[in-house]
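Visitor: Hi, could you walk me through this one? I'd like to start with what sits inside.
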Amino acid sequence: MFGLGLLARAARQHQLQCTVSRLFSSCRPLAAATGAVQQAQPREQLQYDLCIVGAGPAGLSAAIRFKQLCKEDNRDLSVCVIEKGSEVGAHILSGNVFEPRALDELFPKWSEQQGEGQAFADLPLRQKATADRFYMLTQGSSIRLPNPPQMKNRGKNYIISLSELTRWLAKHAEEQGVDVFPGFAGKEVLYDWHNAVVGVATGDMGIAKDGSRKPSYTPGVDLMARLTLFGEGARGSLSQSLMQHYGLREAAGASPQTYALGLKEVWEVPEEQHQPGLVVHTVGYPLDNSTYGGGWIYHMEGRRVSLGLVVGLDYANPSLSPYQEFQAFKRHPLVAATIVGGTCLQYGARSLNEGGLQSIPKLAFPGGALIGCSAGFLNTPKIKGTHTAMKSGIVAGEEAFRALGLADDAGKKGPITLRNYADRMEVSWVYQELERARNIRPGFSKWGLWGGMANAALSTYLLRGREPWTLKHRHADHEATKLARDWPPKDYPKPDGVTTFDIPTSLYRSGTNHNHDQPPHLVLADPGLPEVVNHPQYGGPEAKYCPAGVYEYAADEASGRPRLVINAQNCLHCKACSIKDPRQNITWTVPEGGGGPNYTIM
Amino acid sequence: MSKVLVAVKRVIDYNARVRIKPDKSGVDLTNVKMSMNPFCEIAVEEALRLRESKAVDEVVAVSLGPQQVQETLRTALAMGADRAIHVSTEQQLEPLAVAKLLAALARREQPLLCLLGKQAIDGDNNQTGQMLAGLLSWPQATFASKVELDKAAGSAKVTREVDGGLETLSCQLPAVITTDLRLNEPRYATLPNIMKAKKKSIAKLTPQELGVDVTQQLVTLQVEEPAQRKGGVVLGSVAQLVEKLHKEAKVI
């Protein structure tokens with residue numbers, strides 16, 4: 001009888017563990033390098049009504065809106081936000097000329113409450129845009145062009161550090177009762193036997209490079225939630241797995257997502273070179289006519305200047321280095337004149353979506369939904385995605401509250417599906433904007449710089465986005481890379497250490513750090529492929545496009561042949577390798593929480 | 001109930017890049033990430049291990065400073081400390097003032113042990129633990145790389161890292177011990193513990209209530225960046241080296 005009791009308890013425990021199916025987990029016995037099998041431990045479960053992955057503008061807007069509605073309705077629902085960065089804002093990088101449209105919806109009276117001691121006194125929107133300029137750059141000169149209507153920021157929009165704004169949003173969210181957990185990475189989506197999302201598993205901490213458990217080993221937890229919103233930014237690791245799992249792109253008939261890599265620095269410049277509120281955008285040099293992209297220089301307050309280069313990742317030349325193109329951008333007289341004599345404060349890089357309306361996948365699935373850049377609401381001609389991300393967060397937060405409220409009233413447990421979120425987004429100003437902008441970016445892929453600009457002018461001025469056709473993205477970015485033998489290798493000059501720098505120097509300024517004794521988070525499906533395909537056929541493009549110097553080809557000691565070395569510790573979490581690897585051999589998985597860049601003013 | 005008092009300090013994160021304010025009055029702390037001093041984390045970890053081995057019953061974390069230090073105390077609570085004390089003051093605190101405040105707290109709480117980090121990574125003073133022991137007239141064992149408590153005998157055996165190697169001391173309790181890097185590896189704060197920590201109590205006191213005068217006795221005149229490193233030069237021969245040492249560096 002005693003034996004039967006034990007058996008029953010074991011069966012119940014097994015059933016509890018089996019209600020959640022998973023791929024990587026501490027629930028499976030781990031075989032360490034020594035060959036000894038370490039005993040599986042059941043993971044602790046935490047329950048929330050709403051779980052949000054990613055403390056970015058979308059995630060925090062969703063949490064804040066959710067809690068606002070909870071207060072109005074006197075409902076006590078729990079919400080948590082997990083964030084893989086060591087603190088909120090650490091992984092946030094953006095231009096950023098901020099359109100406050102969604103902020104006005106989230107906090108309708110914010111601009112009237114910025115006085116000393118008031119609620120929005122320390123909201124970091126301190127510099128309004130005062131002037132817009134648009135230039136075509138050539139090797140040595142710049143030609144001023146009329147401002148495209150999408151780039152009219154003067155008097156309306158704010159030049160901000162999105163990192164700072166996100167930190168402010170998190171502080172506000174915590175004051176409203178949202179649990180914000182920085183330093184915790186969402187490792188795996190949890191599904192039930194009905195294929196609904198029931199939560200997220202956070203990663204185990206304290207695992208050594210060989211997979212064994214260090215003395216500090218701490219298993220992650222299972223964050224169980226009736227609804228999980230994924231706001232991981234462009235090319236989020238969990239969002240990618242969800243898109244594959246549910247076939248979200250196919251279900252929406254969406255084009256593949258296309259991306260660009262943005263490289264950014266914040267400088268402190270001499271007083272005479274600083275024009276607070278000046279917004280400058282450039283096209284042309286250093287990118288050639290077949291490579292999409294452009295530069296920016298935004299004059300923030302306090303002698304700070306944000307500048308950078310966006311390079312479309314559908315470039316063809318495998319030896320192109322977006323990082324080196326950025327250094328060339330800084331050498332141009334127009335840019336150099338602004339930063340010479342100044343100090344570079346921070347550096348960083350991040351991929352951004354450019355696919356627009358055509359690439360938006362199916363947004364909601366049982367138990368969860370995609371918000372922000374994980375779905376892909378960035379308006380490419382405006383290069384603004386913050387306001388649309390926040391709006392998607394607000395809508396998702398509202399729908400989450402509604403759906404959870406209905407379920408509670410009906411006494412229904414179990415995962416929630418957001419039935420109205422996608423429909424509401426379709427009739428919102430987000431889709432209106434994206435509809436108007438949809439044909440601009442694809443024109444550049446089809447017809448190069450000049451054709452693209454002509455098409456953009458047609459679509460913007462004449463047809464105003466009402467043209468009956470929609471240009472599709474022909475292929476994913478990695479498919480556009482051509483073979484090395486067809487393209488002359490690009491030679492880049494050495495950095496001068498004054499305005500241009502080498503990667504290690506720049507990397508130091510990103511504050512990036514990972515515990516080095518952990519399994520590499522960049523996983524190759526076929527570890528032998530780089531030596532057989534990437535290097536001989538493409539000249540090792542990962543060593544060129546990675547803005548952190550993670551990938552290097554070094555001569556193998558034994559064979560003398562080039563071998564791929566992965567310095568995972570340098571990773572900036574930009575996701576370019578996940579996007580651009582020619583055979584999609586590289587999967588970006590999330591490293592131990594708390595690692596990665598430490599942006600504070602980006 | 002035997003307690004261990006652990007002092008923790010909120011400092012610039014060890015990984016953060018530091019800049020001097022334009023007026024050279026100090027370091028620019030705006031938008032800089034702050035964390036618990038790494039040596040204080042080691043002290044908290046050691047205290048928790050002592051409690052787990054039943055050498056002590058309660059771990060009390062204490063921090064001194066403005067409202068924000070409560071974040072650091074929450075981290076200590078999330079690691080496993082039982083309760084926390086916040087001595088609230090807007091005044092810039094010097095090591096002697098800190099030592100006096102901790103001494104007053106120690107007289108109140110009567111712990112078996114005071115655990116501190118050997119130094120804070122912002123000031124690098126390496127004085128507070130030593131001064132605390134002096135004020136209390138307690139034995140001190142600094143730069144600890146191993147701590148063993150003998151509750152029955154009321155003593156502690158501490159291995160210290162010194163210039164010549166390792167030194168092992170035995171001291172009577174109560175005592176002050178400051179931690180060095182190799183003492184332990186601090187545990188991660190788990191999500192469930194972070195949530196439990198939100199509910200744990202943080203008692204608030206002021207220097208006046210403890211009867212300590214914390215007026216600053218030192219004035220910082222200027223803070224400067226270290227001199228920029230000049231690039232090195234690769235020389236061709238020993239003769240060249242000798243010539244440069246003689247003519248340019250003027251050291252021979």
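Visitor: Which residues touch the most other members of the largest nonpolar core?
Guide: Leu229(A), Phe230(A), Leu242(A), Phe377(A) and Tyr421(A) do, in a core of 87 residues. A nonpolar core here is a set of buried Ala, Val, Leu, Ile, Met, Phe, Trp, Tyr and Cys residues joined through side-chain atoms within 4.5 Å; buried means under 20% relative accessible area, exposed over 50%, and partly exposed in between (1.4 Å probe, protein chains only). This is a predicted model, where local features need pLDDT of at least 70 and side-chain atom pairs count only at pLDDT 80 or more, while totals for chains, interfaces and linings use all residues. Residues are numbered from 1 along each chain as its sequence is written, chains are lettered from A and ligands numbered from 1 in the order written, and side-chain values use heavy atoms, without hydrogens and water.

Visitor: And what does Phe230(A) contact beyond its neighbours within four places in sequence?
Guide: Its partners include Val53(A), Leu242(A), Phe365(A) and Ser374(A), with contact meaning heavy atoms within 4.5 Å.

Visitor: Switching topic: how many residues of chain A are in contact with chain B?
Guide: 30 residues of chain A, meeting 16 of chain B. Phe181(A), Phe184(A) and Ser216(A) supply 21% of the area that chain A buries there, more than any other three residues. Buried area is the accessible area (1.4 Å probe) that two parts lose on being put together, summed over both.

Visitor: How many salt bridges cross that interface?
Guide: The rule finds 2 between chain A and chain B, counting a side-chain nitrogen of Lys or Arg within 4 Å of a carboxyl oxygen of Asp or Glu. Arg19(B) and Glu268(A) form a salt bridge at 3.1 Å, N to O.
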